[in-house]
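This report describes selected features of one protein model, beginning with a sheet and ending with a loop residue. The sequence and structure follow.

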Amino acid sequence: MSDTRFDPAQADARWQAAWDKAQTFRADSNSAKPKSYVLEMFPYPSGRIHIGHVRNYTMGDVLARYKKATGHEVLHPMGWDAFGMPAENAAMEKGVHPGGWTRDNIEHMKAQLKRLGFALDWSRELATCEPDYYGHEQALFIDLYEAGLVYRKESEVNWDPVDMTVLANEQVIDGKGWRSGAEVEKRKLNQWFLKITDFAEELLEGLGSLENWPDKVRLMQENWIGKSKGLEFSFDLSNGEKLPVYTTRPDTIFGASFVAVAADHPVAQGVAMNNCDAAKFIETCKKGGTTAAELETAEKLGFDTGIGAVHPFTGEHLPVYIANFVLMNYGTGAIMAVPGHDQRDFEFATKYGLPIPRVVAPSVEDADKPFDGEAEAGEGVIVNSDFLDGMEVEDAKREIIRRIEQQGRGQGKTVWRLRDWGVSRQRYWGTPIPFIHCESCGVVPASKDSLPITLPEDVDFKTPGNPLLRHPTWKHVDCPKCGGKAERETDTLDTFVDSSWYFLRFASQPADKPFDKDEIAKWLPVEQYIGGIEHAILHLLYARFWTRALAHMGQIEVTEPFASLFTQGMVTHETYSRKEGGKTVYYAPDEISREANRALLSADGGEVEIGRVIKMSKSKKNVVDPDTIIDTYGADAVRWFMLSDSPPERDLPWSEAGIEGCSRFVHRLWRLFTAYDAGAQGEDKALARKTHQTIAAVAEDIEALGFNKAVARIYELTGAVEKAAPSASRSHAIRTLVQLVAPMMPHLAEEAWATLGETGMVADAAWPEVDPALLVEDEVTIAVQHKGKLRDTLTAPKGASKEDLEAMALASENVQRSIDGAEIRKVIVVPDRLVNIVT
RNA sequence: GCGGGUGUGGCGGAAUGGUAGACGCCGGGGACUUAAAAUCCCCUGAGCUUUGCUCGUGUGGGUUCGAGUCCCACCACCCGCACCA
């Protein structure tokens, strides 16, 4: 026993070294135990770990350590999403090499992670920027090509003029580059695409099986994939051409009063050739903003082309407009407009004085009911529609599709919002696309023997654009097919490709191929994947796509990589700012001294404004540095804070007072642990019960990732042990407490475990056993209510009869006073819970 | 606009339809100390005529012996998507 203070700095280092030495967290693929693959989204090596990483990885770590304690062979790896633009930006700004910069960052961040004592299998560490990773990615890319899932086409791309690169649709936010914030331009380039649309149906269907994913994420993916069923058919135009349109409401075809095409539709372009006004109008449309606010307020505008479209059933000539609200890249870029039953069409028709016929009504009698200032998009019966009259919407849809197909004019069609994934990036710091351009053979894949195609080291970043393109020798190679002179592809892959299969490489790392099928079958799927909600669509959809694509090619068997997904909340902090010369200047927490209701700037003692509690960000300076807080409080206090109070899916407000409270608790536990008396005798039934109830509750909470609740249980047990007199039960409670906190505060737990005289490490110890007999109380507190209001509580033996409870309740002085002689009409007794007397 | 989520003390948050506010933080009082730090103990939703009573989980209704929890309507905030035919 020792009454010296717990020294986190010393204990942290000692046990981190001990785990390393014993390879405690190494995953054994040949283990006979049930497996558990716990994975957190790997970080981009930006230079320093931020507090969000700490929260993310602490959650995963608790689960991994708990799984190990409960007899699982745990795979809990860590690696680096190491390609990407910040490295090139650093190269441009500081003149360092992206590779050197990235590897330095990795080294630093790895040391930071090690300081937190995470139970990671570092032997499986990988970095996507190393040839032994991206070389395999090149091989997989060629496999995908051979499976017909990779193609090249000239397409209009989103060109970021600042980063000089192409962006995916989803990387364009409000018309601006997601990283640079620059206004995105349209350019035509030859691009590599992955055929994710081939898997649209599967990816949508698969969501149904992902029961342990947040509904929110599933819904976001569903909307992103955007399946819609409808009819594509062609109008005959008065100029002799045919105009295909797409509609999800073929049932409303008799309500069509005009036809509209997108500004960049061929029909519109054709009209513009000999009509200046049309050309001008198209220009106006293109200038129209794409931001959310602008779209919301944008007026519906149109230009009458003078062309007529013949209605397939009535023969009527409908005017063809060019309209700013029709999109070229959805459906056919042309619509039949039904103002009565589509709000956009309604607004347009109102503006241009076009007819608004009603073809759907609540009932047949309402066929001529006027519209109340807006379109009616809902259900009903079809009216004013010839042979459709009286039909339900769904029946009418089928009927129209049948007739249109019979006429040979079109067919029922499913349209997807999801587009193919453009993966070409005109950057240096990415995986080189393993293809070669040959004048006689065309575009051919590199031979697999030539992999990895590595990036050249001698590059400069003094000029913007792609250094691979201007490198003097790198791109010149012989054609793998004909042997003639040829050139390498100089585009590199989108970094989302790198993160689309890293979870497979963690599970299996042969040198000669991307992974081993049997090893993947052993470890996948990931039992628990944890990361930020910001990856709800892109990363998670791409990873699901790659997994399915690889399964299709027979390379693996698993189709969904992440069985269970958890999206954790952000770490937030209040902001400190004040106006200085008209500008708002933000100050970091360590520049501030915080008092009860105000905050003062340490430098000059001036008061600063305390702002909202928001996500930590560099621009608002409301960040805390993990290294600093580990220095001050030790890894365990920091980990404990990450788990306390806030439910893990919600935001966690960082506070100085909060971390200090955690630190106090670390020391409080230590005092308790060092007061352990192995030889204490005697039973303390109440404490024993509390101990066993806590073991069960903490286990349940950890499995449900309810860390804040587990923390509260541990506080309760701690309080109970502190109050208890020495006994065998108390000694058992203390030993149990060490084990319960071990996943959360592993360093303190190891230190205590040794102090208690246990052999081996607590990290290797089995989770404490629960005695089911001790989970139930033998006395319970019964609430006594009069007309639903609490009047008294009483203690009764567990399982007491209804009659006894009723008698005890009626004997209560408080209850009698409340009843005050009134007639008792009913008595409700819930055994072991309450008695409610109704008068 | 559409879709989803969340509203509980000063704060973070607990509560299978059954004692609202567990647990933590903040705050107040006390003990120990020459003093401080550390530690420990007590109090801490609001109000009242304080053995006890009334009110109280965003607002208004409803179901029920009993509602934070279920149902209906509304309000506020947050997130996602966005003229997707």
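Four strands, in the order β2-β1-β26-β27, make up an open sheet with parallel pairing. The edge strands β2 (73–75) and β27 (565–568) each pair on one side only. On average, neighbouring strands of this sheet are turned by 20° against each other, direction ignored. Strands are DSSP runs of E of at least two residues and helices are runs of H or I of at least four residues, both numbered from the N terminus; two strands pair if DSSP finds at least two bridges between them.

The model is predicted: local features need pLDDT of at least 70, side-chain atom pairs count only at pLDDT 80 or more, and totals for chains, interfaces and linings use all residues. Residues are numbered from 1 along each chain as its sequence is written, chains are lettered from A and ligands numbered from 1 in the order in which they are written, and side-chain values use heavy atoms, with hydrogens and water left out.

Within the sheet, β26 (residues 528–532) is joined to β27 by four bridges, and the two run parallel. G531 has T567 of β27 as its bridge partner. Helix α2 (residues 51–69) lies across β1 (35–40), β2, β26 and β27, and runs at about 175° to β1. Such angles run from 0 to 180 degrees between N-to-C directions, with axes fitted as lines to C-alpha atoms, for helices over the stretch in contact.

A further set of strands pairs in the antiparallel sense. Strand β10 (residues 227–237) is joined to β13 (residues 302–310) by two bridges, and L237 stands opposite A309 in β13. Six antiparallel bridges connect β13 with β14 (residues 317–323), where H317 stands opposite V310. β13 and β14 form a hairpin with six residues between them, and G315 in the turn has a positive phi of about 75°.

The structure holds 41 aromatic pairs. Rings of Phe, Tyr and Trp (its six-membered ring) pair if their centres lie within 6.5 Å; planes under 30 degrees apart count as stacked, over 60 as edge-to-face and the rest as tilted. Two of these pairs are tabulated.

| Pair | Arrangement | Centre to centre | Angle between planes |
|---|---|---|---|
| F42 and Y502 | stacked | 3.7 Å | 5° |
| F641 and W654 | tilted | 4.6 Å | 55° |

F42 lies in the loop between β1 and α2 and Y502 in helix α15 (residues 502–507), so this pair ties together parts that are 460 residues apart in sequence. Both F42 and Y502 are buried, that is, under 20% relative accessible area, where exposed means over 50% and partly exposed in between (1.4 Å probe, protein chains only). Ring pairs link F42, Y502, F503, F506, Y529 and F562 into a cluster.

Disulfides, defined as pairs of cysteine sulfur atoms within 2.5 Å, number zero in the structure. C441 is in none; the nearest cysteine sulfur, that of C482, is 3.6 Å away. C441 is partly exposed at 26% relative accessible area, whereas C129 is buried at 2%.

Finally, N622 is placed in the loop between β32 (607–615) and α18 (626–633). N622 is buried, with a relative accessible area of 1%. Its side chain reaches the backbone oxygen of H573 at 3.1 Å. Leaving aside neighbours within four places in sequence, the residues in contact with N622 (heavy atoms within 4.5 Å) include H573, E574, P589 and I614.

Note on methods: A polar contact is a pair of N or O atoms within 3.5 Å; within protein, one must be able to donate a hydrogen and the other to accept it, and residues adjacent in sequence count only if both atoms are side-chain atoms.
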